[in-house]
Amino acid sequence: MPNPSLYDMTLADVEALMRGWGQPPFRARQIYRQLYINLADSPASMTDLPLALRERLLAEVPLGGLRLVRTQQSADGLTRKALFALPDGAVVETVLMLYADRATACVSTQAGCAMGCVFCATAKLGLLRNLSPGEIVEQAIWASRELRAWQGTGDRGQGTGTDDPQDDGGRWMADSPTPVQQLSRISNLVFMGMGEPLANYERWWAAVQRLHDPQGFNMGARSMTVSTVGLAQGIRRLADEGMPINLAISLHAPDDALRSELMPINDRFPITDLLDAAREYIEKTGRRVSFEYVLLQGRNDQPHQALALAKLLRGHTADGANRGVPLLCHVNLIPWNPIPGAPLGRSEYKRILAFQQVLMDYGVACTVRVERGVEIAAACGQLAGSMQN
Ligand code: SAH
């Protein structure tokens, strides 16, 4: 791990640093405010601090650990991807998705990934290393700065400038590229970038707490979603945290044989164990979980597989009897995004809809994920840090 940066520090850590430097206690709060509310990109711009302190910060403590190498954006400008280099040379990617009324950042928790899912580009890298809390936090800050810059450009976000309350300049349109809301920072955060968050639990959780901290970034727990490959012990641990962040579990197959082919982790946590952990999570938290299901042509997208999935989630046991309790859940179908060299195909859209219909007919809530960023390889499972080699 590189030197801790300011983004690696809690408010208490910054307070200790200031004490050590003989500064008055309120300096720490000023710095924290600069980092998480003003989104300062350098101590040099923290102009409420004395010059000597700014200079000392600049000289002695890195602000962050990520160096922006490149940004790319989709043709409509609404999906933006950043490639960052870490001090030790590893790279990670972050995606910002802009909507009329919200902005979602998708952040990475590891450089590479050890889980080996056959359909995912990140898996091809293997695990390079865990990200520090600061390296995770900083991605959300980058996305917020990027959002702020976008909102500040041209005539976006300000409508027509008339006083007529009926004249909304078309800003109400759900798919309008023009923001209806001016946001001070990203509104949603998904831990669905590179890596497996629950395999880097402590650092990832420290990042969640940092971003949640009402004295700083103040992101609501319900606005954050973690996606896991299905590490049962991590799901149980999360259930005990008592913080209502959203949980998404990558399921991708209705039976162990197929799931193990697609996701090697299934050998360690087969479907029964995983669903037991999910049930415990639901019981403890009272919250609904999402199951992600990526659709691969001819592999897991057949109607009988949809039915098997529906039965599983409605509480049928392995012998087919309906004795169990339905899981409080929702299924999110993800059209597979192509990655180079994978001998897999993307399901035709009509097959995806048929799959969805079977689930819904069985009483399982189900949506199809709206795609973003395929053309800049920023969509689900396409993040691989294209500068890696
Ligand atoms: N490690 C976490 C986060 C992965 S990315 C997890 O396994 O859940 C978020 C989602 O995208 C996961 O459900 C993942 O399985 C899925 N995914 C991976 N590669 C994909 C691809 N090429 N196309 C579509 N979805 C993909």
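**Close-ups of a predicted model**

**View 1. Helix α5 meets helix α6.** From α5, Tyr201, Glu202, Trp204 and Trp205 are in contact (heavy atoms within 4.5 Å) with Gly234, Arg237 and Leu238 of α6. Sorted by class, this contact has 4 nonpolar, 1 polar and 2 charged residues; here Ala, Val, Leu, Ile, Met, Phe, Trp, Tyr, Cys and Pro count as nonpolar, Asp, Glu, Lys and Arg as charged, and the others, Gly among them, as polar. Helices are DSSP runs of H or I with at least four residues, strands are runs of E with at least two, and both are numbered from the N terminus. The axes of α5 (residues 201–212) and α6 (residues 232–239) come within 12 Å and cross at roughly 35 degrees. Those axes are lines fitted to C-alpha atoms, for helices over the stretch in contact, with angles from 0 to 180 degrees between N-to-C directions.

A quick note on the model: it's predicted, so local features need pLDDT of at least 70 and side-chain atom pairs count only at pLDDT 80 or more, while totals for chains, interfaces and linings use all residues. Residues are numbered from 1 along each chain as its sequence is written, and side-chain values use heavy atoms, leaving out hydrogens and water.

**View 2. Trp204 and the nonpolar core.** Looking past its close sequence neighbours (up to four places away), Trp204 touches Thr109, Ile136, Phe191, Pro197, Leu198, Val226, Leu238 and Ile245. Trp204 is also among the residues with the most contacts inside the largest nonpolar core, which has 124 residues. Helix α4 (residues 133–151) gives the most to this core, with 8 residues. Such a core is a set of buried Ala, Val, Leu, Ile, Met, Phe, Trp, Tyr and Cys residues joined through side-chain atoms within 4.5 Å.

**View 3. An open sheet of 10 strands.** Its order runs β1-β2-β3-β4-β7-β8-β9-β10-β11-β12, with mixed pairing. At the edges sit β1 (67–73) and β12 (366–368), each pairing on one side only. Two strands pair if DSSP finds at least two bridges between them. Strands β3 (residues 91–98) and β4 (residues 103–106) are antiparallel partners over 4 bridges, and Leu96 stands opposite Ala105 in β4.

**View 4. Leu127 in strand β6.** Leu127 belongs to β6 (residues 127–130). With 40% relative accessibility, Leu127 counts as partly exposed, which lies between buried (under 20% relative accessible area) and exposed (over 50%), using a 1.4 Å probe and protein chains only. Residues up to four places away in sequence aside, Leu127 touches Gln110, Ala111, Gly112, Cys113 and Ala114.
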